[in-house]
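Subject: Structure handover

Hello,

Here is the structure I promised you. Please open it beside this email and follow along.

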Amino acid sequence: MKEITVISGKGGTGKTTFTANLASLLDNLVLADCDVDAPNLHLLLKIENNQAESYKGAKLAVKNQDLCINCAKCYDYCRFKAITAETFEIKDLKCEGCGVCVEVCPTEALRLEEIETGTVYQAISDLGDIIHARLIPGADTSGKLVSEVKKKASELAEKKKKDWILIDGSPGIGCPVIASLNGSDMAVLVTEATLSGFSDLKRVIEVVNHFKIPAGLVINKYDLNTEISQKIENYCQDLGIETLTKIPYSRVIVESLKKGELFVNNDQDLRNKMLKVKLKIKETLEVR
Amino acid sequence: MKILIPAVKVGSFETEIHENFGRAEFFAIVDSENNRLSFISNTAKNQSSGAGVAAAQLCVDKEADVVMGYHFGPKAYQALKAAGIKVLDLDQQKLLKEAYNDYKSGELVEAQAGPGAHH
Amino acid sequence: MAQQLSISILSGKGGTGKTTLAVNLALSLTNVQLLDADVEEPNDYLFISPDIKNKEEESVRRLIPEIDAEKCTACRRCVDFCQYNALALILDNVLVFEEVCHSCGGCKIVCPENAIKEKARELGKLRHDKRKNLDFWEGELNTGEEKAVPVIEKLKTKADHNKNIIIDAPPGTSCPSIAAITDTDFTVIVTEATIFGLHDLKMVIEMLNEIKQPFAVVINKAESDSDFLIEDYCNSEGIEILMKIPFSRKIAELYSNALPFVKEIAGWENKFKALAAKIIEEAGKNERNYSN
């Protein structure tokens, strides 16, 4: 079983679209959407039997009003301005669950409680089983939720004897990305030929380098700016990152996405490009 | 020598190594004096923040001499090193016995700190 | 009387055109201030002030614990208290992992030996550039730091309420996004006319409704045959669509070189001026609603 994680640094480069299209060409796989802030992968699939499980990802202060003597200590000590001034109520969106108010409260009116911050879903789709998740508004993305999604995906893949786990990774370069990459056999970097795409790609490559796993490059909309595209390719080549494919700025992709379809089913050239990507990934990972 | 290795379940030397240090389900403890194997729950795995540091604290509290794994975040690495624990890098090994055998034959190299997942 | 307004620009996910809208709107107005609060990936500067790294800079700091080894008895109270595992007790020494620390001050409170003091640590920077008609600030989170909110809050202290203020907020629905839009008069959500765009738009709207923030929508990469995705939803929810920026290769090419299209394609400056007028009108409606 091989695990591939698709990441991008910058948002909106086509990471999810790429992932779904690649998924349709791989046999016997489990999909995992680790982009828990904008979980979009399932929108390109036909989902059935979506089972939800609540996810508790944070602690918040909870107050027992009966015990409160309005001493204002919690208000004085809270550095997150999470306690209201007059009634000493807890503002959930501000509370960071540090426990200082619990510590200073003389009457034990406060305690920390684990709260639900999201939902993890397991579903069957036309492209294979998928694990995805979403956070409630105001909850912070955590490596813990990403790890949870990945854990469920690998358990499922193990149980069903799958060959591939394909992960739609988190954008950015912070801890969710690191959690997305942890334990993967290969990283696929999807970028676009823009200055901001390039600058974010450089930052994400630094993260990938630490994992000692092979990485492949996909330049989306490469013909938008062939000069930047070439710079990106050269930059990656110097670091030993092979170009898997370059995808043009294409009407077919736009149209397919609008309809929620896969572009590999609507354009033979693009399909061939993606088949080549699959082949190169297999070569890199020495599969078959 | 007391060796701690992240493990997917309570099992035997045939059990798989967990890919993640901080969020591993269990730690296998191998005593190299007598080749005895035991397991402990990783109490750090459910922490929403700093699981790596908490797991390192657990290894320190269990008086590990050696810790091995695929990937260590910078903070866990720093904590383990500060305790004088030898931190070894795994790569191709999949099962506990493979890691342990490679350790005994001196094939494992010192790990480097990688990027960390703080939360 | 011309009323000065603060507008926040938000999107459900990155890459939908938030920067495009914030920058081009700012460049179309006079007496305006642009604050780039997308502190994890601030990109507005590429369009406004490419050499901002050489301009005026200010450090954003927070407090982190410092252990007095002389006084510490290794009692472990601080380590056990810390919810973030920012402290570890290693061979009778307390180690501090500064990046994970949330600066709550709890360890100092629980220490029975008074062995913990606090010191300042930089977690990000503010940068400033004054252009003609445009006062520009950006916040940037240092690599390795996780707490974006304090940088955003510090950035917002630079708001000059004698000017129209535009805040480019971090995408999404988490705490940093909320911190950036809090106390702004009005939020403009940028979305694309795709199923992804619609899905993420709904998530953002759910969050905005929860915090009772007035908002309207701008469609980026708009196209006549797909805008209905967003329009149908907005119509049914009574949400105003303020403007459409068309799907255009020319605009995408200009973006790839970090050139603001409002300065390159004729006619757009007036469109953005009209957008600003519309926003003022919408925000005004809302004030009336509140006062009733």
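Below is what was found in it, chain by chain and then feature by feature.

One caution comes before anything else. This is a predicted model. Please keep that in mind throughout.

**Chain A overall**

Start with chain A. It holds 9 helices and 9 strands. Its C-alpha trace spans about 70 × 40 × 35 Å along the principal axes. The chain has 288 residues, and 54% of them count as buried.

Chain A is divided into two parts. Domain 1 covers 2-46 + 126-284, and domain 2 covers 57-116. Note that domain 1 is written as two stretches of sequence. The C-alpha centres of domain 1 and domain 2 of chain A are 41 Å apart.

**Chain C overall**

Now chain C. Here you will find 10 helices and 11 strands. The C-alpha trace of chain C spans about 70 × 45 × 40 Å along its principal axes. Of the 292 residues in chain C, 53% are buried. Take the contacts in chain C between residues at least 6 apart in sequence. Of these, 76% join residues at least 24 apart.

Chain C is also divided into domains. Domain 1 of chain C runs over 6-59 + 123-291, and domain 2 of chain C over 69-114. Their centres, taken over C-alpha atoms, are separated by 40 Å.

**Where chains A and C touch**

How many residues of chain A are in contact with chain C? The count is 40 residues of chain A, against 41 residues of chain C. Three elements of chain A give two or more residues to this side: helix H3 (100-104), helix H6 (195-209) and helix H8 (251-259).

**Helix pairs**

Two packed helices are described by the angle between their axes and the distance between the axes.

Take H6(A) and helix H7 (residues 226-238) of chain A. Their axes come within 10 Å and cross at roughly 10 degrees. Angles under 35 degrees count as roughly parallel, so H6(A) is roughly parallel to H7(A). On the H6(A) side, the contact is made by A:Leu195, A:Phe198 and A:Leu201. On the H7(A) side, it is made by A:Ile228, A:Lys231 and A:Ile232. By class, that gives 5 nonpolar, no polar and 1 charged residues.

The second pair is in chain C. Helix H7 (residues 195-210) and helix H8 (residues 228-237) of chain C pack at about 25 degrees, with axes 9 Å apart. That angle makes H7(C) roughly parallel to H8(C). In H7(C), look for C:Ile195, C:Gly197, C:Leu198 and C:Leu201. They meet C:Leu229, C:Ile230 and C:Tyr233 of H8(C). The classes here are 6 nonpolar, 1 polar and no charged residues.

Helix H4 (residues 143-159) of chain A has 17 residues. It reaches 24 Å from its first C-alpha to its last, close to the 24 Å expected at 1.5 Å a residue. Is H4(A) largely enclosed or open? It is largely enclosed by the rest of the structure, because 13 of its 17 residues are buried. Just after H4(A), A:Lys161 takes a positive phi of about 55 degrees.

Helix H5 (residues 149-156) of chain C is mostly covered, with 7 of its 8 residues buried. Those buried residues include C:Val149, C:Ile152 and C:Leu155, and also C:Lys154 and C:Lys156. The buried residues of H5(C) pack against several elements of chain C, among them strand S3 (56-67), strand S6 (116-131) and helix H6 (175-181).

**Two asparagines to check**

Find A:Asn70 first. It is not a glycine, yet its phi is positive, at about 55 degrees. A:Asn70 sits in the loop between strand S3 (47-63) and helix H2 (73-77) of chain A. It is exposed, with 10 other C-beta atoms within 10 Å.

Then go to C:Asn31. Its phi is also positive, at about 50 degrees, although it is not a glycine. C:Asn31 lies in the loop between helix H1 (18-28) and strand S2 (32-36) of chain C. It has 13 C-beta neighbours inside 10 Å, so C:Asn31 counts as partly exposed.

Best wishes

Technical notes:
Residues are numbered from 1 along each chain as its sequence is written. Chains are lettered from A and ligands numbered from 1 in the order in which they are written. This is a predicted model: local features need pLDDT of at least 70, side-chain atom pairs count only at pLDDT 80 or more; totals for chains, interfaces and linings use all residues. Helices (H or I, at least four residues) and strands (E, at least two) are DSSP runs, numbered from the N terminus. A residue is buried if 20 or more other C-beta atoms lie within 10 Å of its own, exposed if 12 or fewer, and partly exposed in between; C-beta atoms are placed from the backbone. Two residues are in contact if their C-beta atoms, placed from the backbone, lie within 7 Å. Domain bounds come from an automatic or database domain assignment. Axes are lines fitted to C-alpha atoms, for helices over the stretch in contact, and angles run from 0 to 180 degrees between N-to-C directions. Angles under 35 degrees count as roughly parallel, over 145 as roughly antiparallel, 65 to 115 as roughly perpendicular and the rest as oblique. Ala, Val, Leu, Ile, Met, Phe, Trp, Tyr, Cys and Pro count as nonpolar, Asp, Glu, Lys and Arg as charged, and the others, Gly among them, as polar. The expected span of a helix is 1.5 Å times one less than its number of residues.
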